[in-house]
Amino acid sequence: MIIDCHGHYTTAPGPHQDFRAAQLAAFADPSRPPPKPTAISDDEIRESVEKNQLRLLRERGADLTIFSPRASAMAHHEGDEAISQAWTRACNDLIKRVVDLYPQFFVGVCQLPQSPGAPIANSIAELERCVTELGFIGCNLNPDPSGGHWTSRPLTDKSWYPFYEKMVELDVPAMIHVSGSCNCNFHATGAHYINADTTAFMQFIEGDLFRDFPTLRFIIPHGGGAVPYHWGRYRGLADMLKRPHLRDHVMKNVFFDTCVYHQPGIDLLFEVIDLDNILFGSEMVGAVRGIDPETGHYFDDTKRYIDALNLTDAQRHQVFEGNARRVYPRLDAILTAQGR
């Protein structure tokens, strides 16, 4: 089967965003009462998904999407921690409803209620709720809740360790994923996202996180940011910093997706990065939604690029299914229970 490891609910019904707008308005004007999430019907959810993600899933020949709230809308830098907690819970509950309506096509990954200056330990309860009560299989972890100002400690800092301990206990991975940028120097999807992917990888090189947590797993999206293109730089820096070989120091725990939107980029990713570390992903209806005028196909139809590679059937299975089931053990359990 073909598992897309990177999907966001970018088409959530309008009332969901209306709740967010009311939240932020109440935060700006404390005289307003805190709003409650707006009622959304199953039919509204069906319309939002069937015309978009589910339609494209079928048209492009995939079988299942690992689905999470819209990354750019996490906006941890807006409001305060209480606002973020309420918004996060509403977003995750909405993902659960999508999964319940379409259990053959979607499985949930959660947003976290991160907020600038708030300890990451405050996100543990929501991770545990989403995994143990909602049946989610992982989380999106924002290394920069400040929205482009990078006020947090590196991911290898021990302030993150309580959360990692819970990830290990629950046996779930995290996708490293920032949200919107409030820094005008960094366009959100064109700069901030790719910066974060690359920054996270360099932090892993500099630290010893995986010595302390040998089973911890991270997916770095968007093809690993700039990392594959500059693989020699990172191997060289690891050597200069007296770090072990990247194969042993980082790449037993870190994986890249295929959200790379042209054939030469996919070709390079597969030439440089071991197949064990690549998961199929498209982020469809995401950052880049248009048609490539050079090919006549959608930029984010990444399956086409992989289909064009000279891979064996076993290698295709590994990228499209096997690696995802290995990195997300709870996904494997769900699919096994479904007879897949």
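Tutor: In this predicted model, helix 1 and helix 4 are roughly antiparallel to each other, because the angle at which they pack is about 175°, and angles over 145 degrees count as roughly antiparallel. Helix 1 covers residues 14-28 and helix 4 covers residues 81-101, and their axes are 11 Å apart. From helix 1, the residues that take part in the contact are His16, Gln17, Phe19, Arg20, Gln23, Leu24 and Phe27. Helix 4 meets them with Ile83, Ala86, Trp87, Ala90, Cys91 and Leu94. Sorted by class, this contact has nine nonpolar residues, three polar and one charged.

A search of the whole structure finds zero of them. For Cys91, the nearest cysteine sulfur belongs to Cys130 and is 10 Å away, whereas a disulfide requires two sulfur atoms within 2.5 Å. Cys91 counts as buried because its relative accessibility is 5%, and the limit for that class is under 20%. Cys259 is likewise in no disulfide, with the sulfur of Cys5 as its nearest, 6.3 Å away. Cys259 is also buried, at a relative accessible area of 6%.

The chain also contains an open sheet of five strands, in the order 4-5-6-7-8, with parallel pairing. At its edges stand strand 4 (139-141) and strand 8 (278-279); each has a single partner strand, so one side of each is left without a neighbour in the sheet. Within the sheet, strand 6 (residues 218-220) and strand 7 (residues 254-257) run parallel and are joined by three bridges. Ile220 has Phe256 in strand 7 as its bridge partner.

Helix 6 (residues 161-170) lies across strand 4, strand 5 (174-176) and strand 6, and runs at about 160° to strand 4. Helix 7 (residues 188-206) packs on the sheet as well, where it touches strand 5, strand 6 and strand 7. The direction of helix 7 makes about 135° with that of strand 6.

Lys303 is buried, since its relative accessible area is 15%. Leaving aside residues up to four places away in sequence, Lys303 touches Ile2, Arg60, Gly61, Phe280 and Phe320.

Notes:
Residues are numbered from 1 along each chain as its sequence is written. This is a predicted model: local features need pLDDT of at least 70, side-chain atom pairs count only at pLDDT 80 or more; totals for chains, interfaces and linings use all residues. Side-chain values use heavy atoms; hydrogens and water are left out. Axes are lines fitted to C-alpha atoms, for helices over the stretch in contact, and angles run from 0 to 180 degrees between N-to-C directions. Helices (H or I, at least four residues) and strands (E, at least two) are DSSP runs, numbered from the N terminus. Angles under 35 degrees count as roughly parallel, over 145 as roughly antiparallel, 65 to 115 as roughly perpendicular and the rest as oblique. Contact means heavy atoms within 4.5 Å. Ala, Val, Leu, Ile, Met, Phe, Trp, Tyr, Cys and Pro count as nonpolar, Asp, Glu, Lys and Arg as charged, and the others, Gly among them, as polar. Buried means under 20% relative accessible area, exposed over 50%, partly exposed in between (1.4 Å probe, protein chains only). Two strands pair if DSSP finds at least two bridges between them.
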